[in-house]
Amino acid sequence: LPPLFYSLLNSNKFTLIGDNAFAGLSHLQYLFIENNDIQALSKATFRGLKSLTHLSLANNNLQTLPRDLFKPLDILSDLDLRGNTLACDCKIKWLVEWLENTNTTVPAVFCSSPGQFEGQRIRDLALGDFQCITTDFVMHQVLPFQAVSAEPFTYASDLYVALAQPSASSCSILKWDYVERKLRDFDRIPAHSAVHCKPIVAQDQLYVVVAQLFGGSYIYRWDTAVDKFIKIQDIDSQKIRKPNDIEAFQIDGDWYFVIADSSKAGSTSLYRLNQNGFYSHQALHAWHRDTDVEYVENDGKPRLIISSSSQAPVIYQWNRAQKQFVPQGEVGEMLDVQMVKHFRAKRDQFLCLSRYIGDSKVVRWEGQRFVEVQTLPSRGSMVMQPFAVGQRQYLALGSDFSFTHVYLWEEEKQKFAKFQELSVQAPRAFRAVPAADVQLLLAPSFKANTLVYRHV
């Protein structure tokens, strides 16, 4: 119908209008498609409508509009988008820009979501309100060895990573090459059954605590006179029989580290640095087969969260008068937690609790207790690591039986949403490494090569 001048398609049951829907209507000037249930328009829906001056899509169910949808409508003078549920996200950013520059009359259109824009006029939004960068984790480097822990650190202005390699009987120290933008071999510390190599840079000295399953655990120090690591002390093998994790931290200017011990006869223990080295300071948690320990500061109070195979994670709080940690309670009723890690989102403090059998949990600190906010399926999970890249908060949830799932934190919903899958065999850690202008994610594998991803 080339001569058609006016088309009224109101109050039907249309849900979709496809490409070239009005092809051949070269004289159409008025097009009203109101009070339908249109949820989507194709990018070329209005192609060919060179004479269209009035268009109404009012009172439909449009949540977004294809980019440059109105570009073919050269002489459009009136457009009505009222009564739709437009989501003011990145997909609609082009519309804000178009409204700023068009001569078309458009009655006020309001955002239905997300929460921070709900009820606002779209025309009033600034282009800077939209965070429209897409992100991805891509393979950057393959390290041809197995590892079970990765610890980035900076020493003498250079970036390094310490990796525990039980199959190679060593702690490998890799150095970041700023020219080649790769991790390269730097040094090795002998460690027959290393499960954790923890670097501590304190008082301009570099120490590495080497935790081994067999043969005792040791502390090494980097000797600048000979440019090599020198063993400076043993760690009491009667207390530390089967180490599983190490955390290092400062309290009131003093350096400490704590080793979680997973044997029935050992004890999770705290060590303190003095002028001559690290010495036993406190036995914390004996005979509980501890799997992981996390240092957390909230409300200005230092705390340790210790997960265990035999009981729910235990909270210890630092007593400044006694200079010791004292038991404060437990985190819920979750048993068999493999790993406990924390992150902050704005003012809130969260814990991520991974489990090998059963669902993993995300819980939020609320004054005197933790409250569950999310459950994530995690069969075969040994590691659940939150990490931040810029303003984005991620969570990597590994599995021995399937892909690693990377989640992205949604502040409005206070939950993680699935973001990406990574193929890592039997991951045992995930570590974010800020290497100058490159953001890396290290994924040590118990059964295959250690992988290095780049955040782009």
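Entry 1. I began at Asp245, which stands opposite Ala260 in S17. The model I am reading is a predicted one.

**Entry 2. Domain division.** I recorded the division of the protein into domain 1, residues 1-134, and domain 2, residues 145-377. The centres of the two domains, taken over C-alpha atoms, are separated by 55 Å.

**Entry 3. Nonpolar cores.** I looked up the largest nonpolar core and found 36 residues in it. Phe46, Leu55, Leu65, Phe70 and Leu95 have the most contacts inside this core. Helix H1 (residues 93-101) supplies the largest share of the core, namely five residues. A second, separate core holds 19 residues, including Phe153, Tyr160, Ala162 and Tyr218.

I went back to H1 to see which of its residues are buried, and listed Trp94, Leu95, Val96, Trp98 and Leu99. The buried residues of H1 pack against strand S6 (78-80). For Leu95 I set aside residues up to four places away in sequence; Leu95 then touches Leu65, Phe70, Leu81 and Ile122.

**Entry 4. Tyr295.** Where does Tyr295 lie? I placed Tyr295 in strand S20, residues 290-298. Is Tyr295 buried or exposed? The relative accessible area of Tyr295 is 13%; buried means under 20%, so Tyr295 counts as buried. The side chain of Tyr295 makes a polar contact with the side chain of Glu297, at 2.8 Å.

I then listed the contacts of Tyr295, leaving aside neighbours within four places in sequence. They are Glu247, Phe249, Gln250, Ile251, Pro302, Arg303, Leu304 and His342. I also noted the separation from Glu410, which is 115 residues from Tyr295 along the chain: the two C-alpha atoms are 25 Å apart.

**Entry 5. Strands S24 and S25.** I checked the burial of strand S24 (residues 337-345) and found the strand mostly covered, with seven of its nine residues buried. S24 runs antiparallel to strand S25 (residues 348-355), and eight bridges join them. Within this pairing, Val337 stands opposite Arg355 in S25. The two strands form a hairpin with two residues between them, and in this hairpin Lys346 takes a positive phi near 55°.

**Entry 6. Ser378.** Arg355 came up again when I turned to Ser378, as the side chain of Ser378 reaches the backbone oxygen of Arg355 at 3.4 Å. Ser378 is found in the loop between strand S27 (370-376) and strand S28 (384-389). With a relative accessible area of 5%, against a limit of under 20% for the term, Ser378 is buried. A polar contact at 2.6 Å links the side chains of Ser378 and Ser360. Beyond neighbours within four places in sequence, I listed Arg355, Tyr356, Gly358, Asp359, Ser360 and Leu397 as contacts of Ser378.

**Entry 7. The sheet from S28 to S31.** I followed the chain from the loop of Ser378 into S28. S28 belongs to an open sheet of four strands in the order S28-S29-S30-S31, where the pairing is antiparallel. S28 and S31 are the edge strands, each pairing on one side only. Neighbouring strands of this sheet are turned by 30° against each other on average, direction ignored.

S28 pairs with strand S29 (residues 392-397) over six bridges in the antiparallel sense. In that pair I found Leu395 in S29 as the bridge partner of Pro386. Seven bridges join strand S30 (residues 404-410) to strand S31 (residues 415-422), and these strands run antiparallel. I noted Thr404 opposite Leu422 in S31. S30 and S31 form a hairpin with four residues between them. Gln414, in the turn of this hairpin, has a positive phi of about 55°.

Note on methods: Residues numbered from 1 in each chain as written. Predicted model: local features only at pLDDT ≥ 70, side-chain atom pairs only at ≥ 80, totals over all residues. Heavy atoms only, no water. Domains from an automatic or database assignment. Buried < 20%, exposed > 50% of the residue type's maximum accessible area, 1.4 Å probe, protein only. Contact = heavy atoms within 4.5 Å. Polar contact = N/O pair within 3.5 Å; in protein donor to acceptor, adjacent residues only side chain to side chain. Core = buried A, V, L, I, M, F, W, Y, C linked by side-chain atoms within 4.5 Å. Pairing = 2+ DSSP bridges. Axes fitted to C-alpha atoms, helices over the stretch in contact; angles between N-to-C directions.
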